[in-house]
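Below is a short briefing on one structure. Selected local sites come before the overall figures.

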Amino acid sequence: MFYIPKWSVFVQSTLVILIPILFVWVSRRLRDSIRSVFSLHLDKSKNVKRESSLSEISGTGQYDQDLQMLQESMAHNADVHFREFTIRGTSCRAVVVYVEGLANSNLIDSHLIAPLMREGVPEADREDFEQSSESIQAYLESHLLTVSHLRWGEKLQPFVQGVLNGSSGLLIEGMKGFFLVGMAKGKSRNVEDPISEALLRGPRIGFTERIGENMGLLRMHGKDEGMVMKKYEVGTRVKKELVLIYMKDIANQELINEIDSRIRRMAIDDPMDSGYIEQLIEDSTLSPFQQLQNTERPDRVIGAILEGRAAILLDGTPFALIMPVTFSMLLQSPEDYYERWISGSFVRLLRFSAAFLALWAPSLYISFISYHSGMIPTSLALSIVESRQGLPFPSIIEAFIMELSIEILREAGIRLPKPIGPAMGIVGGLIIGDAAVNAGIVSPFLIIVVAVTAISSFTIPVYSAGITLRILRFTAMIFAGIFGLYGVIMFFLLICSHLVKLRSFGIPYLSPLVPYRFRDWKDYVIRSPLKILKQRPAMLNPRDKDRRTN
Amino acid sequence: MVSTTNKHTDQITTAQAAVLVINYTLGASIMTISRNLLEAARTPDIWISVILSGLICFLAGLFILWLCQRFRGKTLYEFMPEITGKSVAYVIIIIMIVYFITMSAYELRMMTEVTSDFLLEDTPRWSIIMAFMWIALYLNVGGINSMARLNEIVLPITLIFFMVCILSSLNLFDIKQLRPVLGAGITPVLHGIMPALSALTGYEILFILIAFMKTPKQGIRALHAGVWIPTMIILITVILSIGVLGLYATANKTYPTLTLVRSYEYQGLIFERFESLMLVIWIMQMFTSFSIMHYAASLGCSTMFNKKPNSLLFVTLPLIFIVSMVPKTLMETVKLGEMLGVASIILFGGFPPILLLVSVIRKKGMRRK
């Protein structure tokens, strides 16, 4: 009887089990609701086809009827124009349908209208020409339409979609279908230095918003017939082109199959940016860590697919996605490989320690000040205590104020117009910091900590990884505020417990750190000389393991 | 009994098995080991007891290996009924589950004691314990593979920190404290074996791990690493404690290892007073031990009741919590640790040879080729 614990222990022990069960229940509900709302598994019963009057209609061969049909389906758009004319040498009427501002007007003028109206069909060929719908089609294709990109179809819906996408439509009397000529010209910008991932050394090329150009940039990189670019059409309402890129003889087939099936299962009306794709095909929605990497740099994509990873390009965005992602990738930069290995390794080491600081510095400050001032050297402890004399807040509040204000400053800096951005940075950083110290709200020592943290977090080469780190930093500060160093260690274990469970497309997120793969460690924190890096990373299980074989 | 875990997808490498054994062995007891040894035998020769008990552990581990190799891909809980029949097996398995639960409760309690002594004087203990248990639960739900990976992250950090902290006291080391060797004869050395064994038992987790290994044949490597590395570390700790602090001081300190780290001081570093820092790092080590024990206990329950291991992970949690609150004082906790050592020697040192013999006689399991 002496050893039976007090009743409070039993109450606590029920808490020990009840709270995790509650937590599991909530997270399961959350996960289920995410799945059912925005699903990878398309809900069959809800999959009602959009009502479209166009889908089943095809050309009749009667010019007036077809033209009326086209006008009914498109003419209410202000930017759609119909240009009617007669083909020279025949009595055939024809109409060119195009969208202003999107269709290539040079092409329409000189390769559609000009040959048809000026040259037309010579006397000798007239009979052949007018025989049937097929003969008209064949004659036009072989004699008159001087363009490379030509499609023919009988259905109305693809025609309308094509015209609205920027191709020029051509309808000819007597022909039982439609021509789609050329491709959208639209506006595109020049190839520029990638803004979000600028490097000092290496190619100064970034992707643009046009998927054709982006594929071209990758092809331009070098000759390799092994590079596969597999095309998908995504988006249930707004159709967009998506291209999966990998090396046929390097990438593991299971990985490609997995990515392929996830892309196929994806369902959304319009994937506006590759960020949509990322969120729809990632493994864990509740994890703070990104499981696909986004990049503007073609060289990063090439490097990744040469390691046996795969990449996704989406039309309309300069951001490509790389998968699978491992933790180490977030702290590596292509520059590490362009520089010699000693400098590359040094910079990488620097970046790893900077990431460590960015994550833990404020929480360590809080725990040393509030809980374990005995652990720092006495003279330092004394000077900190002196500087903190008269401060109204405990260190956790103090650190939160400063960290939050620097995050707000950073966020404001992105939105600000370029000319006043730097001025705002000076006002915010210097003046507010100085004023806060003078006003006795925060200690000068904390200003150092916050500044070091902020600068360290800028060294992370992947922007979205930086955001993750910031979120975790604030959580770490809360843990440190409650439990001191013990809390910091517990939070470290919590992050590690999460990371060891996390997978990106079947690859453990923390590999090659764990499970130990000593061979892959040659390119982890240290970047070994290229002469030593003969093998591709074994964690991706590539088909061709040796980098030297041709 | 049906296998309740998927051992095909959730496999561990040999290195991971070795790391798990090391992490399981090295837990809270390293903080008090020198004092426990000296209480049993007041002689500087106790380091010989550590080596001897390392040998004994290795031998006991060998028997477990042999036994496991007769039953490929099965944990102790699964093949026990085949050897002894169900009724006897249930009794033994329940004892083992109780052992693992008590063991993890002991680990938990020791962690709480040192934490609230050195790091968080005013924080209520239950909150310290709960944070610890929940994170361990979160980890263990991921299965043995994620546990193994976490152990792989933690072990290098803790070992390097611990060795640096311990070895920094080398310039205070006085070899005279360890002399004369065998001055009191061999008897006190033998007395010291019992507490040394209780700190070194960890080979028993092989009963479970071998079943999860990709290449069970390499179990012997995991055993070698899992016995000799902890033996070396405890040996260094004991020798340095006695060599630096002396016999008397070591025997009278609550946590001689922490006192050892406190004994030296280096100026001009970022940190002073390394004992708290080392303790903080060592909490991770206790965390991994605890999570393995918790997992072992839950796995036993899940095999017995034929349920999924994840739900049993939740059920064992409050049991461990209550048991960890049973000892009233630190001294009782340490006593509990010693009792657990004895239980472990009987359960996992004495039983396996008998089980092996029975299985050979009853012709159960595979023959060794």
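B:Gly73 lies in the loop between α3 (46-70) and α4 (76-84) of chain B, where helices (H or I, at least four residues) and strands (E, at least two) are DSSP runs numbered from the N terminus. The residue is partly exposed, with a relative accessible area of 36%; buried means under 20%, exposed over 50% and partly exposed in between, with a 1.4 Å probe and protein chains only. From B:Gly73 to B:Lys214 the C-alpha distance is 9.4 Å, across 141 residues of sequence.

This is a predicted model, in which local features need pLDDT of at least 70, side-chain atom pairs count only at pLDDT 80 or more, and totals for chains, interfaces and linings use all residues. Residues are numbered from 1 along each chain as its sequence is written, chains are lettered from A and ligands numbered from 1 in the order in which they are written, and side-chain values use heavy atoms, with hydrogens and water left out.

**Backbone of chain B**

- The peptide bond between B:Arg179 and B:Pro180 is cis, with omega about -5 degrees.
- B:Pro180 sits in the loop between α7 (144-167) and α8 (187-191) of chain B.
- B:Asn306, a residue other than glycine, has a positive phi near 60 degrees.
- The loop that holds B:Asn306 runs between α14 (274-305) and α15 (309-324) of chain B.
- B:Asn306 is partly exposed, at a relative accessible area of 43%.

**Backbone of chain A**

- A cis peptide bond leads from A:Val514 to A:Pro515, with omega near -10 degrees.
- A:Pro515 belongs to the segment after β12 (507-508) of chain A.
- A:Phe505 is not a glycine, yet its phi is positive, at about 50 degrees.
- A:Phe505 is placed in the loop between β11 (503-504) and β12 of chain A.
- With a relative accessible area of 5%, A:Phe505 is buried.

- A:Thr208 is found in the loop between β5 (178-181) and α7 (211-220) of chain A.
- Its relative accessibility is 1%, so A:Thr208 counts as buried.
- Apart from neighbours within four places in sequence, A:Thr208 is in contact with A:Arg189, A:Asn190, A:Val191, A:Glu213, A:Asn214, A:Thr317 and A:Pro318; contact means heavy atoms within 4.5 Å.
- A:His81 is 127 residues from A:Thr208 along the chain, and their C-alpha atoms are separated by 29 Å.

**Chain A overall**

- Chain A has 18 helices and 12 strands.
- Its radius of gyration is 31 Å, whereas a compact globule of 550 residues would have one near 24 Å; the radius is taken over C-alpha atoms, and the globule rule is 2.2 Å times the number of residues to the power 0.38.
- The C-alpha trace of chain A spans about 110 × 60 × 55 Å along its principal axes.
- Of the 550 residues of chain A, 47% count as buried.
- Among contacts in chain A with a separation of 6 or more, 67% are between residues 24 or more positions apart.
- The accessible surface of chain A is about 28,000 Å², with 60% belonging to carbon and sulfur atoms; such areas come from the Shrake-Rupley method with a 1.4 Å probe, and for residues only the protein chains shown count as cover.

**Chain B overall**

- Chain B has 16 helices and zero strands.
- Along its principal axes, the C-alpha trace of chain B spans about 60 × 45 × 35 Å.
- In chain B, 63% of the 369 residues count as buried.
- Of the contacts in chain B between residues at least 6 apart in sequence, 85% join residues at least 24 apart.
- Chain B exposes about 13,400 Å², and 67% of this comes from carbon and sulfur atoms.

**Interface**

- In the model, 44 residues of chain A are in contact with 51 residues of chain B.
- The two chains bury about 4,300 Å² between them, 76% of it on carbon and sulfur atoms; buried area is the accessible area (1.4 Å probe) that two parts lose on being put together, summed over both.
- On the chain B side, B:Ile135, B:Tyr138 and B:Arg149 lose the most area to chain A, together 16% of what that side buries.
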